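The reader may wish to keep the sequence and the coordinates in view while reading.

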Amino acid sequence: MNKPSSKTELSAAKTWLKQQRHYAGQLLTLSMVCSIVAGFCLIAQAALLAHVVSQIVFADSHWQQQQTPLLALLALMLARVLLSKYTEQFAFRGASEIKLALRKELYLKLTQLGPSYVEQQHSAELSEVLHTGVEALESYYARYLPAVAFCAIMPLAILAVVLPVDWLTGLIFLVTAPLVPLFMILIGLKAEQLNQKHWQQLSRMSNHFLDILQGLAQLKLFNASRAEAAAIASIADQYRRSTMSILKVAFLSSFALEFLATMSIAMVAITVGFRLYWGELDFSVGFMLLLLAPEFYLPFRNLGQAYHAKMKGVAAAQQMLQIVQATPARRGTKKFTARADQCLNISYQQIGFAYPEQRQALQNLSLQIDSPGLYAIIGPSGAGKSTMIDTLLGFLQPSEGCITINGEDLVQLERASWQQQLAWVPQNPQLIYGSLLQNIQLADPNANIAQVKAAAKKAGVDKFISQLEHGWQQPIGERGAGISGGQRQRIAMARVFLKQAPLLILDEPSAHLDADTQRWLVDSLNDYAQQHTVIVIAHRLQSIQQAKTIFLLNQGTLSAQGSHRELLQHSRLYRELIAADEGAGNVR
Amino acid sequence: MSAKLNINHLHSESQAPPPSDRQIIFRLLSLTRPHWRWMGAGIVLALVTLLANIALLTTAGWFISAMAAAGIAGVSMNYFTPAGVIRFLAMIRTAGRYAERLVTHNATFLLLAQLRQWFYQKLEPLAPAGLQSYRSSDLLSRLQSDIEQLDNFYLSILLPSIVALIAVPILFIGLYVFYPTLALLILSALMIVGLLLPTWVVRKTATSGSVITEQRQQLTTAIIDGLQGMRELEIYGAKDAQLAQVSYYSEQLANSQLQINNINAQSQSASVLVINTSLWLSLILLGIALSNNEIPQSQFVMLLLLSLAAFEAVQPLPMAFEQLSATLSAARRLFSLADQQPVRAEPEEPASLSAQLARQPLSIEFKQFNFSYPKQSQQVLHNLSLVVNQGEKIAISGPSGSGKSTIVQLLQGFYPCPEGSVHIAGIDINHCSGEELRQQLSVVSQHSYLFAASIRDNLLLAKPSATSEQLQQACDIAAASEFIEQLPQGLDTWLGETGRGLSGGQARRIHIAQALLKNAPVLILDEPTEGLDPITEQQVMRAIWQLMQDKTVILITHNPRLLATVDRVYQLD
């Protein structure tokens, strides 16, 4: 994600950002209208103020004679107060709507892309995109886009007022105005590169500091922790030097803008002054020109300030676009209906699968599971075990071959109806926000309390329920704080017993468990496998020696299959795995 | 325990009443003192730029009305001087603004370096025992964002406040000289925008900072839960419930942000209101003054523009003070952490362990030793007696929570040992300096950390003077060379945060290479094969055997093959 981005990627991101505006409804447009109307009010205010002042100062009109224009002036001012409030509020409400909608859309898209995509892209990084990335869009929509609109209209409006009354001032504006964007582009291009580098460095330095804090204990062990203070200072200082040299250039673009603006304001003041002296200009016009001159350049300055918001927004959009453009697996529509005897016939037929830009994860994999019992999938890491299971769960679609369930092609089946036949227990079972009871009930929302409790009892949840302050109603908080790994596993098994799905799949169930819980788990699995199909992905091999069939995967394909005894005889790889496992296996 | 509870816990530790906002600000100021020259220069430049800009408008206003008056009256006037002044002010303003931005940014970066170094020096003696509650990376990144928040203290709060503080009296005096009534009107309006509105904003946003921080954390948790538990959530049909959860937190956060934005919008339009009303009133005041002949005709426009431009001095303040509460609470958290005492105070006159080792063999002896972690009642080690003589290899085994890893922490000098005794080469461990203790130890554990740096830098940490050959040799023995050679840049391969890019077994082998390089006499292995798959475990174990030769070894493990290699096994319960 940190590669320098190509022009096409950048423009794709910009286009996409503009398309997302529709989520804000009319709010952003309203904000822009408010700000532009406020701008018109300002022009009118300048004209009126100049008129009143000219009348009072040079036409010897008493200020009390100017009541009507004075009141009109006050009205214009109050209108601007209200408009400024609405400009701000509409812009942020609009941006907020977009953020909410996009976050939801991206999250939904990720659920469609499935767990394997999430793991490939790292869930922590994706969550950053959904959180901080989406937040970065706020300034883009609430600051940058309105600034663009304002900049497109206000200078023209001022010019339209100024040109008819004084061509010379109009000419000064006309000559300098194109120079502003020109300078901004000339210096801005260089500054953009430099600025990007600057932000990269800033985040690198920041991460360095975090890294040092996280590893402080390790630094202490090597008695290197005190020396690190100097290193921290010197890195920050290096950062300062390099950034300052960048900023010297980056600030030039705003310098050019300020220079042009200030110099033309000064020039307007001087030329107006002389023509007033020569009597060629009315004072009310001259004063109005002086008041409007800074306002002519203000939109450019605002745009310059919002530029950083734009860059951040585009960078975030590029990451989002990767998610948006990823194609999820196709979805079947056919409802799956279980056979009366609930027995499943699963058949992998010459399955091939490759993750994008990676080597083949599965190739020519064929196997059969046609009766209830305990099946194990083993193999060295990277052999394709998880990929194989993801294709069965429906999260990945094989690029070659097909999987059939009771003779029906899995790709054609509606995912939800197929998943009703499944129960799944991962290494770290997920707990949801809610009570303990709700966490188990998840598996079958129609189950009554008695059924839930029975399933929980079977899973041994009652063994620790007495330790919980609120028993069944114990609220389970963020990431299941206060619930141990063993307890999680029991909750997961309670879900399994409640759902009574014909097919149960477990991923390395005995990891992180104490010996008692491990033994209990093996017993419950064997018990469940009497009537159901149970598939276990295993790294530790002792627990699956009683399996009906062990499928040994190697480099994406089936290397051997059979019972423990058969494999011991026929498969060298299996013997090696067993030897390694017994040699290194933990006794607990 | 949730993150929030931990923070509260830290607060409750300090007995003294919590410092007031003013104390916090003064402390922040005193921290920034070393760079006051740059900061001061930035403030002066900002002030000059501001005043030049106000003067530019004012002079221009005076110029055009004087020229108009002269034109009408048909008298001649010296127009070269004011025209020159206008050009001069325009140049001062432009150049001043550029210089100001450079100088203030330089000051900010100097402060940033200063703050990080200061904070690190405060934190370093506390680690790791004093930072136990900061172990989770959530809290560490919170720390980091707190420091980043302080980075902006100078530029976004201090600078505009001081500039306003100096500029307002100058502007007041400037106006007073010409027309005292107008000066008083403008001063009160300036006070409203520069003082009243910021105070209102500070009061309104006092709690919102911490609320938003918490809501952000909840949102991230919900998103990560949803992403990591996707298989399960979908299979149990709870996908939509999780989406609802994510949307809920997302909306909560958006609501709080909108509230803050509302406050900003209100304060902004309030300042527009005050400025315009005061402009309007100035117009009338000046009209009265003119009709009473209190001011000459030529000053009317000048004073009107001056009273409008004066607000530039205070206009940034309401927005700037929106950041104040966040900055103060960030500073409060950092100071309360920095003020903690190290859990184990270093002995004032440490006994020289290295001198003792010249006379005595390095033995480690725990005698009737009890230990509980500070502020916890539960005893982790109870009546422990254990001896390791030089060159011996012992193992400690026992269920989790039986205090095995505590022993490792104690030997590294991270905690005081008040009950019973621990002697190293006959010296009470409480009399040894932590650094000297750690010099004698190498530790390889599953919690060992790899830095986001090259593999070479990580290795050099263990022995900064090591030559390339020595690094190579250590990697060979640690069975790490094979995979390092396959990496695109070999030893110079950059490791991501927490050693990302390496598998568990590879990281463990780098730690073993580190221990080989350090070559300390005592080797502590804390579950060195935990979390590895069987094949990797075998490779790692071979490396460990190499490492254990000729060392005094304390081994914490369940691994039967490793247990078989030791002289004695101590069973904890």
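**Domains, sheets and contacts**

In this predicted model, the domain assignment divides chain B into domain 1, residues 3-338, and domain 2, residues 353-571. Between the C-alpha centres of these two domains of chain B the distance is 51 Å. For chain A, the assignment gives four entries: domain 1 (8-165 + 299-328), domain 2 (167-280), domain 3 (341-421 + 503-588) and domain 4 (433-500). The C-alpha centres of domain 1 and domain 4 of chain A are 49 Å apart.

Confidence values accompany the coordinates. The model as a whole has an ipTM of 0.84 and a pTM of 0.81. Chain B has a mean pLDDT of 86, with 93% of its residues at 70 or more.

Two sheets of chain B may be taken in turn. One is an open sheet of five strands with parallel pairing, ordered β6-β7-β8-β3-β9 in chain B. Its edges are formed by β6 (441-445) and β9 (568-571) of chain B, each of which pairs on one side only.

Helix α15 (residues 404-411) of chain B touches β3, β6, β7 (522-526) and β8 of chain B, and its direction makes about 145° with that of β7(B). Helix α20 (residues 504-518) of chain B also packs on the sheet, where it touches β6 and β7 of chain B; the angle between its direction and that of β6(B) is about 175°.

The other sheet is an open, antiparallel one of four strands, in the order β2-β1-β4-β5 of chain B. Here β2 (381-388) and β5 (427-428) of chain B are the edge strands, each pairing on one side only. Strand β1 (residues 364-371) and strand β4 (residues 419-424) of chain B run antiparallel and are connected by five bridges. N370(B) is found opposite E419(B) in β4(B).

In chain A, a helix pair deserves attention. Helix α2 (residues 27-58) and helix α5 (residues 123-165) of chain A have axes that come within 9 Å and cross at roughly 30°. The crossing of α2(A) and α5(A) is right-handed. On the α2(A) side the contact includes L28(A), M32(A), I36(A), G39(A) and F40(A), while on the α5(A) side it includes Y141(A), L145(A), P146(A), F150(A) and I153(A). By class, the residues of this contact comprise 15 nonpolar and three polar, with no charged residue.

What does each chain contribute to the contact between chain A and chain B? Chain B supplies 116 residues and chain A supplies 113. On the side of chain B that touches chain A, helix α10 (residues 239-291) of chain B gives the most, with 28 residues. That side of chain B is made up of 57 nonpolar, 39 polar and 20 charged residues.

Notes
Residues are numbered from 1 along each chain as its sequence is written. Chains are lettered from A and ligands numbered from 1 in the order in which they are written. This is a predicted model: local features need pLDDT of at least 70, side-chain atom pairs count only at pLDDT 80 or more; totals for chains, interfaces and linings use all residues. Axes are lines fitted to C-alpha atoms, for helices over the stretch in contact, and angles run from 0 to 180 degrees between N-to-C directions. A crossing is left-handed if the near helix is turned anticlockwise from the far one by less than a right angle, and right-handed if clockwise. Two residues are in contact if their C-beta atoms, placed from the backbone, lie within 7 Å. Ala, Val, Leu, Ile, Met, Phe, Trp, Tyr, Cys and Pro count as nonpolar, Asp, Glu, Lys and Arg as charged, and the others, Gly among them, as polar. Domain bounds come from an automatic or database domain assignment. pLDDT is the predictor's confidence in each residue, from 0 to 100. Two strands pair if DSSP finds at least two bridges between them.
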